[in-house]
Every structure is written in C-alpha cells, then in structure tokens.
Amino acid sequence: MTVTATDEWTRCAGCSAIVYLPRLARAHQVCPECGHHHRLRAMERIATLVDEDSFRPAVPQVRGGDPLGFSDALPYTERLARARARTGLDDAIVYGRADIGARPAVVAAMDFAFLGGSMGSAVGEAVTRACELAVRTRLPLVLAIASGGARMQEGTLSLMQMGKTAQAMSRLRQEGLLSVCVLTDPTFGGVTASFATLGDVLVAERGALIGFAGPRVIAAATRERLPEGFQSAEYLFAGGMLDRVEPREGLRPLLSRLLALTGPRPPAVERDPDHLTAPEPPAVARDAARLTGPRPPAVVRDPDELTGPLRPAVVRDPDELTGPSRPHETVRLARDTARPTALDYIWHLCTDFVELHGDRLHADDPAIVGGPAMLGGAPVMIVAHQKGHDTKELVARNFGLAHPEGYRKALRLMRLADRVGLPVVTFVDTQGAAPGVGAEDRGQSWAIAECLAGMSELAVPVVATVIGEGGSGGALALAVANRVLMLRHAVYSVISPESCSTILHGDPSHALELSSSLRITAPDLLRLGVVDGVVPEPAGGAQENPAAAMDALREAVLEALGELAGMDGAQLRKDRYERFRRLGVVEGG
C-alpha cells in the first residue's frame with residue numbers, strides 16, 4: 001500500500017481505489033471496494049483470530065543473534081536492529097496462549113514486515129517452543145504464517161530450522177494433538193517446505209500466494225508460461241493441496257468450529273517436558289575398536305585439523321588459503337562433474353544393491369535413487385541424489401534436482417526400511433529441489449516437508465553424507481539424520497552464493513565473497529554443529545582418487561552406524577530430535 005501525504009487515505013493494491021484508512025482498519029485491512037486482503041502485522045493477525053483480550057504472549061519471546069557475523073550492504077546486526085525498531089518485535093514471530101471460541105489454544109503468528117518473515121534461528125526456536133508448549137499443555141496449535149522462506153544471513157543454521165520445526169510438528173502428530181496452519185500472503189520457500197504444510201488442517205486466506213520457489217524464480221529457471229492464478233490459494237485448493245480457502249472474516253469462526261469439533265480433550269495440565277528438552281548429551285566417543293581391525297580415524301571431529309594437509313592441492317598460492325577464494329574453490333570442486341556420484345559410491349561401498357523405483361502416486365524420479373544394499377556385511381537402505389558425469393546423464397537425472405515424486409519415493413523407501421528394521425544411509429548431492437510449474441502443481445513443498453517429518457519419526461539409525469553439493473531444503477530432505485557426515489570438499493548451504501548475490505546485489509558478481517560469508521564449507525559447518533564429522537578427501541578432491549575417497553567414506557559410514565547400533569527406536573528418535581533441537585543461535589531466554 002502507498003499512503004498519501006495526509007496519511008488518511010491509501011491506494012488499494014488490488015483495485016487502485018482510494019480507500020479511507022480508518023475504514024480499512026475497521027475491515028481488518030480488507031479493501032471494501034474489491035475485497036483485496038492487504039497484509040497484517042503479527043499482532044493484528046492474532047487479533048483477528050482469537051477471542052478479544054485473550055492472547056497471553058510467552059515471556060520472553062525469542063530473540064535471534066548473528067551466528068555468522070554476516071554483512072553485505074549492511075551488517076546483519078544492523079538489519080535486525082532496524083527490523084526490531086520498525087516492528088516492535090524481537091523477531092518475525094510472536095507466540096503464546098489464547099482462546100478461540102472460548103477454547104484454549106497455543107497460537108503463533110508471523111510478521112512479514114520483519115525481514116520478509118524469514119525463518120532464522122529465532123523463528124525456528126519459537127515455532128518449536130510453541131509446539132512443545134502445546135504438547136505440555138495438551139492444547140491444539142494454531143499457526144498463522146507469512147514468510148519469504150529461510151533467512152540467508154544465518155546460513156545453513158537457518159536451513160536446519162526446517163528440520164527442527166518439522167520434527168516439532170511431527171511430535172504433535174504422535175501426541176494426537178490438532179494443528180492448524182493458516183497460510184497467508186505470502187508463504188514461500190523453506191517455511192512452506194517445513195512446518196507450514198505439516199498441519200493437520202491447512203487453511204489459506206483468500207488470495208494468498210503460496211509455494212516453494214517464487215513465480216519469478218520459476219519463470220527465469222524454466223522459461224515456462226505460468227498458468228493463470230498460479231500459486232494462489234484458490235489455484236492450490238483446486239489442485240487438492242489445501243483444506244479450505246477463507247476470507248479474513250471467516251477465519252476465526254472456522255477455527256472455533258474446528259476446535260469444537262475435534263472433541264473433548266484432557267484437562268490442560270502441564271506435563272514433564274524432559275523428553276523434549278533434555279540436556280545435551282555428552283559428545284559420543286568414536287571407538288574404532290568396535291570395528292574389525294585397527295584403522296586410522298575416518299572422520300575428523302576437530303575443525304582445526306582441517307586447515308592442514310587436507311587443503312585442496314589445486315590451490316597452490318598460500319595467500320589464497322586464508323582469503324575468500326578458499327570457499328569459492330571448494331564450491332568449484334563440489335560441482336565438478338568428474339566427482340564421484342552417488343551411484344559410484346553405492347556400487348563401490350556395497351556388495352549388492354537392488355534399486356527400487358516409483359512413488360506409487362505419479363512417477364519415478366531418476367534424480368533420486370534408492371533401495372536395499374549390503375554394506376559392511378549387513379543390509380541397509382540407501383537413498384541418494386544422483387547427478388551424472390556427462391551431459392546426457394545430467395539431463396536424464398535433471399542434474400540431481402528432485403521433483404515431488406522423488407521425495408515421495410525417498411520417504412516410501414525410508415518407511416520400508418523402518419518396517420523391516422534396516423538402517424538408512426543417504427547420499428546428498430543436489431543444488432536444491434526442482435523448480436517448475438509441474439513440481440509446484442504436484443506439491444513440492446508438501447513432499448519435502450513430509451520427508452523431513454517422516455525421517456524424524458524413523459525408529460532405525462539414519463546416517464546422512466554430503467558428498468558434493470548440499471543445497472537448501474532439497475538437500476535437507478535427505479539429511480534429518482542421527483549423524484551427518486560431510487566430505488572435505490563438499491558444500492552445504494541454505495542458498496547458493498550466486499543466488500544470494502542476486503538477491504542482495506541484483507546480480508551474481510558477489511558470489512565469491514558471499515561463499516565465504518555464508519559459511520558453507522566443512523570446517524565452518526563442523527564448528528557450527530551442522531555436521532558431526534568431516535571425511536578427508538585426497539588432494540584435489542575425490543575426483544582425483546575416487547577409490548581412496550570411497551574407501552574413506554565407507555569407513556566413516558560404518559563407524560557412524562556402529563555408534564548407533566546399541567540404541568532402540570525411542571532412543572534413536574530422541575537422539576535425532578535433540579540433535580536438530582540444538583541447532584541455531586538465539587539471544588532470548
């Protein structure tokens with residue numbers, strides 16, 4: 001909206017009519033001329049959803065920090081300070097308890113005015129705390145969502161919030177508690193592909209735009225003509241992706257009915273939350289003795305060990321080793337088409353592998369491969385992104401960019417492993433999930449979110465390995481694991497350096513320095529706790545000596561599986577929950 005000089009009138013973004021601001025406010029920012037729904041602030045949104053004066057915010061609210069020391073045109077700390085001053089909020093979400101139709105609930109609302117409603121550590125923590133509050137009090141959860149996606153200034157830690165919040169929403173399912181997600185304009189990216197689409201009931205506000213990749217990104221990447229109404233609430237409803245589309249005035253009555261119709265609940269009694277917020281367990285010792293015969297450690301746990309002989313041999317100028325070119329060079333190595341692919345690793349590591357196909361709903365996706373295999377003399381379930389070494393295979397595999405059917409196939413195989421008691425081993429190597437009209441129409445965000453939640457529920461050991469590129473939610477969908485390993489010259493990121501540069505500077509020319517700022521290489525991610533161990537590679541990368549790299553990865557995976565072998569299903573789920581629960585940096589209590 002553009003306000004006139006008098007600050008009493010505004011031009012409607014929907015119909016261009018001049019509207020009296022007090023009248024618009026009385027209508028909760030719905031244009032009286034055309035019905036266009038203008039965006040609401042978080043507290044305004046809560047006021048439209050809950051009984052009057054019933055909202056009691058949690059104290060304290062969660063306040064984010066600056067884990068990477070990120071800076072572009074402005075330091076991230078300055079961006080946070082300005083957003084807090086402008087909105088009066090600690091971060092892009094507010095949560096607490098309220099009554100809806102005289103029935104108690106846990107309620108949270110996001111604010112797009114705070115850095116585009118992006119999800120960093122604070123938002124992930126607040127959503128998780130809201131879920132845990134709902135579990136402790138046995139109350140339903142209502143989330144009102146408006147977001148552009150993950151917050152790139154917090155790098156891979158913001159990506160990890162997808163896994164954290166998906167696990168928290170999964171706990172609500174396991175506890176038999178109702179969750180309702182109200183999707184408002186806009187809801188995109190990593191938020192859509194995690195907690196926003198994991199509610200039991202998905203209700204969208206009329207006219208809201210909802211999706212994984214934005215329409216401009218899809219149009220630029222695919223050059224496809226976008227259908228009329230693409231990614232609107234009404235478009236998604238017609239495709240079966242939503243339960244309801246409601247005008248703003250209809251949301252509170254609908255929520256009241258839903259809460260009333262979900263039946264009687266046990267009294268709201270505080271429960272012991274220890275299983276959700278248990279103290280961090282001590283670091284697990286890596287005992288090579290449990291494996292057959294002595295061997296050098298396959299996994300490096302100390303980040304300082306990574307600055308010595310493991311530097312890539314192609315970097316010959318010592319000055320480059322301390323400058324921003326080091327991460328950029330790692331990106332180049334990770335993307336090298338000569339680098340071993342997932343199938344190369346599978347057939348070298350495993351004595352047998354039976355590939356299974358199809359999602360049982362739409363198609364088979366060659367960008368995801370998987371099936372039972374024999375690894376180290378024991379059966380496992382392998383699930384992996386597959387790229388290729390030449391143009392023909394890269395095109396056939398869609399460059400490792402999986403569609404919804406790929407993620408549904410992956411989850412089908414992982415649930416099969418859970419039923420028959422096979423550990424799951426994944427190989428991550430993708431720039432991200434596939435963009436495109438078809439992917440959006442078939443529910444890309446929904447598929448990724450269900451993969452995240454489904455992995456959190458597995459009662460078998462899960463070991464993920466990042467072997468090349470780990471890009472955004474498309475990578476994390478195969479990495480909600482008990483142990484996450486990373487090859488020394490792989491990268492793992494919330495966004496590619498080129499895309500980050502395009503968003504912040506309008507073009508990809510700043511990719512080199514941003515590859516350093518985003519902290520996407522193995523030493524940084526080990527320090528941040530995003531990965532548990534780094535597997536050394538030969539000088540110049542795995543592509544220089546594939547057999548040696550594959551042997552090192554085999555030892556690392558077997559060692560990780562050995563660590564997890566003594567845990568039962570409940571312990572494995574708890575271990576996985578707590579691993580992601582710890583990821584993120586917040587300043588609030």
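Is tyrosine 345 buried or exposed, and what is its relative accessibility? At 0% relative accessibility, tyrosine 345 counts as buried, a word used for residues under 20% relative accessible area, with exposed meaning over 50% and partly exposed lying in between (1.4 Å probe, protein chains only).

The model is predicted, so local features need pLDDT of at least 70 and side-chain atom pairs count only at pLDDT 80 or more, whereas totals for chains, interfaces and linings use all residues. Residues are numbered from 1 along each chain as its sequence is written, and side-chain values use heavy atoms, with hydrogens and water left out.

**View 1. Tyrosine 345 and phenylalanine 427 form a stacked pair.** Their ring centres lie 6.2 Å apart and their planes meet at 15°; rings of Phe, Tyr and Trp (its six-membered ring) pair if their centres lie within 6.5 Å, and planes under 30 degrees apart count as stacked, over 60 as edge-to-face and the rest as tilted. The pair links distant parts of the chain, 82 residues apart, with tyrosine 345 in helix α12 and phenylalanine 427 in strand β14 (DSSP runs, H or I of at least four residues for helices and E of at least two for strands, numbered from the N terminus).

**View 2. Tryptophan 347 and phenylalanine 353 form an edge-to-face pair.** The centres of these two rings are 5.6 Å apart, with their planes at 80°, and phenylalanine 353 is buried, having a relative accessible area of 6%.

**View 3. The charged end of arginine 171 sits over the ring of tyrosine 577.** It lies 4.2 Å from the ring centre, where the criterion is CZ of Arg or NZ of Lys within 6 Å of the centre and within 35 degrees of the ring normal.
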